[in-house]
Amino acid sequence: MSATSIAVPSIAKRPRVAVIGAGVVGLGIAWRLTGRADVTVFDRGKAGAGASHAAAGMLAACCEAEPGEEDLIALGRDSQARWPGFAEELRRATGVDVELRDEGTLVLALTADDAASIAHHLEFQQKLGLPLEWINAAATRKREPHLAGKIAGALFSPQDHQVDNRKLAEALRVAATNAGAEIREHHPVKEISVAAGRATGVVLEDGTSVTADAVVLAAGAWSRSIAGLPPDRRPPVRPVKGQMLALKMDPAAPILTHVLWTPKAYLVPRRDGRLLIGATTEERGFDTSLTAGGMLSLLESAWRALPGIEELAIVESWVGFRPGSRDDAPILGTTGTKGLILATGHHRNGILLTPATADAIARLVLTGETDPTIAGFGLARFAQEDLTRKKTWISA
């Protein structure tokens, strides 16, 4: 059997699918599968309460584009184009508005050095045909009058939008449930059951066994901790800690309307007046502590760009764990274990990639076909990387 196909039961039999993880990725996949499969979603906690709850909801496929990530940029742009239809479909199915906002994103340059760095990246981004443009200080201030008194200008990304990630998680939970999926919150999966090289279901922490024709591992930063697989089949995903906080603006007179990237932080305004500020990037495992240093760094970076925040109340602070892979790209597709499909490792792009991931993984489960958009993001890429390293070490 090829690496890009998976034998699945006849759709007429309504395959039983176990999805491990009830974040936006797992819930999105479950929603897309319902009606054609019997789906049960398991989560160690409350649905949508992990990285999906902690995120900022930015859909930044353009302004975050970096050299060497061309395949990821293409996947991000594909998913970004799906978002308007995806959000509207969710609204019709649930009545929940996930607040897809289209003001766009500003990447602020406070100094000439910041402007030079942005210009360097912009040259690469424009070669890819990304819709980005440099605007001067006056044009930047016209868009956001409350910015600091001294700025150099900004990169404007008109297609990098945002959604309310918490409303997205709730909408997907309701949509999946209404369509027939069973969501088992506070039911942690201990291991994936494997027999004769095929995933046959899951075993819960309480010892309960659940059989399935296919298992989708979408447990985010916890994906590698699920037992039952040989080491080379376990996705190389780790938790990347991020601290964030929220301030309260006047919804009728917000001091920021665009998503704003500063040199060391980002600010995301919500319609209800919340202003999210994030996020630190820390390799500290599952450390849940909020630190003075983390909060200070975020507030200082935000204040330098938007001084008016000093008058705003702090209404919330939190820690989240991004699921980071070895190359910071998602791990999507089949494995050497038949019936097991991976949908994890989305790092900073889980919200952005939800529509594309949900569609592609549901298609893979039901038909065995790998969508070309995810073909380059399989687990096998790490085996090839390890082989290359081994050959280099031996030759040295």
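Reader: Let's start with D328: in which loop is it found?

Author: In this predicted model, D328 lies in the loop between strand 17 (313-325) and strand 18 (331-334). Its backbone deserves a look too: phi of D328 is near 60°, a positive value in a residue other than glycine.

Reader: Is D328 buried, exposed or partly exposed?

Author: Buried means under 20% relative accessible area and exposed means over 50%, with partly exposed in between. D328 has 28% relative accessibility, so it counts as partly exposed.

Reader: What about H347, and where is it found?

Author: H347 sits in the loop between strand 19 (340-344) and helix 8 (354-367). H347 is not a glycine, yet it has a positive phi of about 50°. Because its relative accessibility is 11%, H347 counts as buried.

Reader: Which peptide bond is cis?

Author: Look at the bond from G278 to A279, which is cis with omega near -20°. A279 belongs to the loop between strand 16 (274-278) and helix 7 (292-305).

Reader: Now a sheet, please. How do strands pair in general?

Author: Strands of a sheet pair through backbone hydrogen bonds, in either a parallel or an antiparallel way. Here, an open sheet of three strands has the order 9-10-11, and the pairing is antiparallel.

Reader: Why is one side of strand 9 and of strand 11 left without a neighbour in the sheet?

Author: Strand 9 (189-195) and strand 11 (209-211) stand at the edges, and each has a single partner strand, so one side of each has no neighbour in the sheet. From one strand to the next, the twist averages 30°.

Reader: How many bridges join strand 10 to strand 11?

Author: Three bridges join strand 10 (residues 198-204) to strand 11, and the two run antiparallel.

How values were computed: Residues numbered from 1 in each chain as written. Predicted model: local features only at pLDDT ≥ 70, side-chain atom pairs only at ≥ 80, totals over all residues. Heavy atoms only, no water. Pairing = 2+ DSSP bridges. Helix = DSSP H or I, 4+ residues; strand = E, 2+ residues; numbered from the N terminus. Axes fitted to C-alpha atoms, helices over the stretch in contact; angles between N-to-C directions. Buried < 20%, exposed > 50% of the residue type's maximum accessible area, 1.4 Å probe, protein only.
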